[in-house]
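Please look over the sequence and the model first, then read the notes below.

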Amino acid sequence: MSVPGEEDGRRAVFGPYAVEREKIREFAAAVGTADPAHTDPAAARALGHPDVLAPPTYLAVLAIRAEGRLLRDLGAPADGAGTIHREERFVHHRPAYAGDELLVTVRLKDASRRAGREVVVLESAFRAADGSPVSTVTSTLLLPDRRGNDDKS
C-alpha cells in the first residue's frame, strides 16, 4: 500500500451506521461505565442530551468495520487475522447519540514498513446525516507479514 493522493481510491465512504440504545448499553457494560447517561434516556435528557450518549470510545466499533472494508479493498487479508492494533486517537466534535445515523469516510493517511510488515494509519471521519462532524478516529495498525504471499518486499 502506498500513501494515497486524494484521487486514487484510497478513501471510501461507508454507512449509514445506526447508533442504537441497546448497542450503547452493551458497550457501556463492556467497558465498565456506570454513568446513567449511557443507559437511561431520562438521565441523558436531564443533562441536556437528546437521548442516551455513547461512551467516548464507542465509535471505535464502527471504525473497525469501516477500516476493515477499506483494507480489504486495498488487498489486506479479508479476515484481519494477524493484524495488531497499535494506537487509536479520538477527536470528538459532539457525542454520538442513540438514533444517530452516521456516515464514515475512511482514508489511508499513512503507510510504511517495519520489519517486513506494513504499518498503516487510517483516519475515520464520522458525520451525522445533516453533514455535521461527530468524531474522527485515527487508528494505527500493524498488518500481517505477507512476504510469503503476494508481497515480495
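A residue counts as buried when its relative accessible area is under 20%, as exposed when that area is over 50%, and as partly exposed in between (1.4 Å probe, protein chains only). By that rule, 42% of the 153 residues of the protein chain are buried. The model is predicted: local features need pLDDT of at least 70, side-chain atom pairs count only at pLDDT 80 or more, and totals for chains, interfaces and linings use all residues. Numbering starts from 1 along each chain as its sequence is written, and side-chain values use heavy atoms, with hydrogens and water left out.

**Confidence**
- The predictor's confidence in each residue is given as pLDDT, from 0 to 100; its mean over the protein chain is 88, and 88% of the residues reach 70 or more.
- Helices (H or I, at least four residues) and strands (E, at least two) are DSSP runs, numbered from the N terminus.
- Among these elements, helix H2 (residues 41-46) has the highest mean confidence, at 98, and helix H3 (residues 59-73) the lowest, at 89.
- Over residues 2-7 pLDDT stays under 50, and the model has nine contacts (heavy atoms within 4.5 Å) for them beyond four places in sequence.

**Overall fold**
- The protein chain has three helices and five strands, in the order β-α-α-α-β-β-β-β from the N terminus on.
- Of the contacts with a separation of 6 or more, 69% are between residues 24 or more positions apart.

**The sheet**
- Two strands pair if DSSP finds at least two bridges between them.
- The five strands form an open sheet in the order E1-E3-E4-E5-E2, with antiparallel pairing.
- Strand E1 (11-18) and strand E2 (84-92) are the edge strands, each pairing on one side only.
- Strand E3 (residues 101-114) and strand E4 (residues 117-127) run antiparallel and are joined by 11 bridges.
- Threonine 105 stands opposite alanine 125 in E4.
- H3 lies across E1, E2, E3, E4 and strand E5 (133-142), and runs at about 140° to E1; axes are lines fitted to C-alpha atoms, for helices over the stretch in contact, and angles run from 0 to 180 degrees between N-to-C directions.

**Alanine 96**
- Alanine 96 lies in the loop between E2 and E3.
- Alanine 96 counts as buried because its relative accessibility is 6%.
- Not counting residues up to four places away in sequence, alanine 96 touches Val52, Leu53, Ala54, Leu59 and Val134.
- Alanine 96 and arginine 127 are 31 residues apart in sequence and 9.7 Å apart in space, C-alpha to C-alpha.
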